[in-house]
Amino acid sequence: MEVENQNPVNGNDGDSTSTLKWRIENVSKLDEENHFSPIFVIGPHKWCLVAFRRGCNVNGYLSVYVVALECKNSRYAKFSLAIIDQTNNENTLRKDTEGEMIQFTDDENDWGFDEFIQLKELEDPSNGFIVNDVCIVEAELRITSTQESKEKRGTDEIMESDEEKDPVTLLASTSCLDNASAFICAFCQTSKVSEDSGSMLRFSNGKEVEEDKVSGPNVIHVHQICLMWAPQVYYVGETLQNLELEVVRGSKLKCSCCGLKGAALGCFEHSCKNTYHFPCAFGTSDCRWYNEGYLILCPSHSDTKFPHEKTKKRKKLAMDNSSAVHRKSWQATAGSKLVLCGSSLSAEEKHLLANFAKISCVTISENMKPNVTHLIASTDEKGACRRTFRYLKAILDGKWVLKIDWIKACTEAMDLVDEEPYEVEVDIDGCRDGPRNGRLRASKGAPKLFNGLHFHFSGEFVPLYKKSLEELVLYAGARVLTKNTLLSQSSDEGECSSTTLVVYDFDEEVSFTVLLERRREAEDLAKQSKSVVIGHTWILESLAALKLEPLPRRHDL
């Protein structure tokens with residue numbers, strides 16, 4: 001692949017314009033991986049192009065993007081992209097930004113066209129888009145001074161009529177996008193403090209942080225009201241439990257109202273995927289609330305009944321002497337050997353579990369401790385459970401992982417029923433038989449799954465998520481290496497090691513250029529350390545099935 005930079009022009013007003021041609025060879029071998037052009041420079045800035053196939057040859061497209069590299073500050077550009085017809089220039093396909101000034105930022109550093117040209121049109125021999133397996137992409141960029149663009153964008157935003165915006169979107173934009181303070185709420189992503197939000201609280205290791213330590217590296221900032229409505233956060237004495245894990249969980253969930261992450265508050269309807277920041281949900285008039293239980297129903301499920309609204313059917317129990325004796329016997333048997341822990345349970349399911357513990361005298365553990373015997377997991381209509389850290393730890397320990405239906409069956413029978421028919425078989429990501437494999441592995445006394453493996457976590461991760469991943473691999477028997485240890489260890493090895501893995505954050509929510517940059521950084525480190533590169537999802541898939549996933553094919557390092 002080569003780039004030919006033509007006619008670079010630097011204007012007196014701070015503008016820079018350039019036209020370049022990118023020759024893509026071996027087009028027939030392009031796949032869904034990102035293929036980058038060589039880097040080129042316009043004005044003081046570095047750029048490149050990226051192309052990749054999207055979809056199958058019949059209905060698929062070639063996607064083409066412009067990428068701003070090392071984009072620490074905003075850049076503004078107008079651009080056009082073209083696929084050159086090498087036999088008839090009049091048939092060249094060109095698309096542009098239609099005069100709009102595009103802002104490139106560190107978070108959004110790639111702009112272009114997902115469906116630039118259909119693959120069947122690109123590969124049609126009657127067109128001249130591909131000649132001798134070579135395709136030519138032409139790009140014309142005009143880079144405009146930052147100040148001019150800011151002024152223009154500011155004017156455009158002021159002129160935009162608020163009346164044309166959806167009221168919920170207006171609320172979300174004001175409640176979720178605020179930069180007034182150095183401290184941002186880990187849930188709602190705003191620093192704004194009001195009577196509705198309550199004060200901004202600061203915690204570290206479950207304890208409130210004193211004012212002079214609020215800038216510490218492990219301090220989590222949360223609004224009082226956001227904390228109250230975080231589903232899995234609670235106090236034990238004066239210590240706050242599960243805040244870090246709840247922040248990690250929320251960091252993967254986008255608000256159904258504003259689209260930003262941190263939306264830990266979900267709809268009470270079990271099958272619903274809507275999640276919200278508290279301020280966004282509070283400003284949505286059709287949401288329904290149950291304040292005592294800290295529950296919410298989204299507008300689509302506002303007719304669903306909360307637990308306290310449901311009619312309770314009571315059965316009359318003939319409590320003769322024999323049933324009383326049976327109940328005491330059950331309590332003595334169950335209470336002496338069972339320790340239960342819940343995973344992603346709804347408020348109603350927590351109530352069922354608490355009631356079961358009361359009548360059977362079993363112990364409920366708030367955390368996945370070694371003495372836990374059964375993990376009770378919430379499941380969807382297909383019987384699939386969420387892949388929580390508790391769930392993965394239970395698999396590693398060979399514990400029973402059961403649906404809430406087992407609790408219902410035991411309660412109805414007034415006795416412990418067989419667990420196996422109620423064992424969770426699949427998680428929501430489609431991984432099967434992890435709990436069963438865990439029990440069988442534990443019964444054979446097999447070594448831990450990651451025994452003998454070494455992991456190094458490379459590049460950017462959400463700090464709390466990285467910490468949880470490190471804890472998981474350690475729990476699974478692996479070692480976690482620092483960069484210095486990784487490189488020093490590799491100097492004594494002559495060949496690539498399939499037991500040393502460099503891990504990067506394979507977060508599909510980020511742009512594909514950011515994803516590729518993370519992978520390239522990990523690959524560079526793997527070449528130096530003679531190790532293998534994996535995305536973090538390899539760890540999760542392996543643990544969820546309790547079976548090592550195949551390692552990616554190693555390149556010649």
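Q: Which residue is the bridge partner of Arg75 in β9?

A: Strands are DSSP runs of E, at least two residues long, numbered from the N terminus, as are helices (H or I, at least four residues). Two strands pair if DSSP finds at least two bridges between them. Here Phe104 of β9 is the partner of Arg75. Strand β7 (residues 75-83) and β9 (residues 102-104) are antiparallel, with three bridges. This is a predicted model, where local features need pLDDT of at least 70, side-chain atom pairs count only at pLDDT 80 or more, and totals for chains, interfaces and linings use all residues. Residues are numbered from 1 along each chain as its sequence is written, and side-chain values use heavy atoms, without hydrogens and water.

Q: Which residue of β12 stands opposite Lys78?

A: Arg142 does. β12 (residues 134-144) runs antiparallel to β7, over eight bridges.

Q: How many bridges join β7 and β8?

A: Four, again in the antiparallel sense; β8 covers residues 93-96. Leu81 has Lys95 of β8 as its bridge partner.

Q: Is β7 mostly covered or uncovered?

A: Buried means under 20% relative accessible area, with a 1.4 Å probe and protein chains only. Eight of the nine residues of β7 are buried, so by that definition the strand is mostly covered.

Q: At what angle do α9 and α11 pack?

A: Axes are lines fitted to C-alpha atoms over the stretch in contact, and angles run from 0 to 180 degrees between N-to-C directions. Helix α9 (residues 389-397) and helix α11 (residues 434-443) pack at about 35 degrees, with axes 6 Å apart. Contact means heavy atoms within 4.5 Å. Tyr391, Ile395 and Asp397 of α9 meet Gly434, Pro435, Gly438 and Ala442 of α11.

Methods. Buried means under 20% relative accessible area, exposed over 50%, partly exposed in between (1.4 Å probe, protein chains only).
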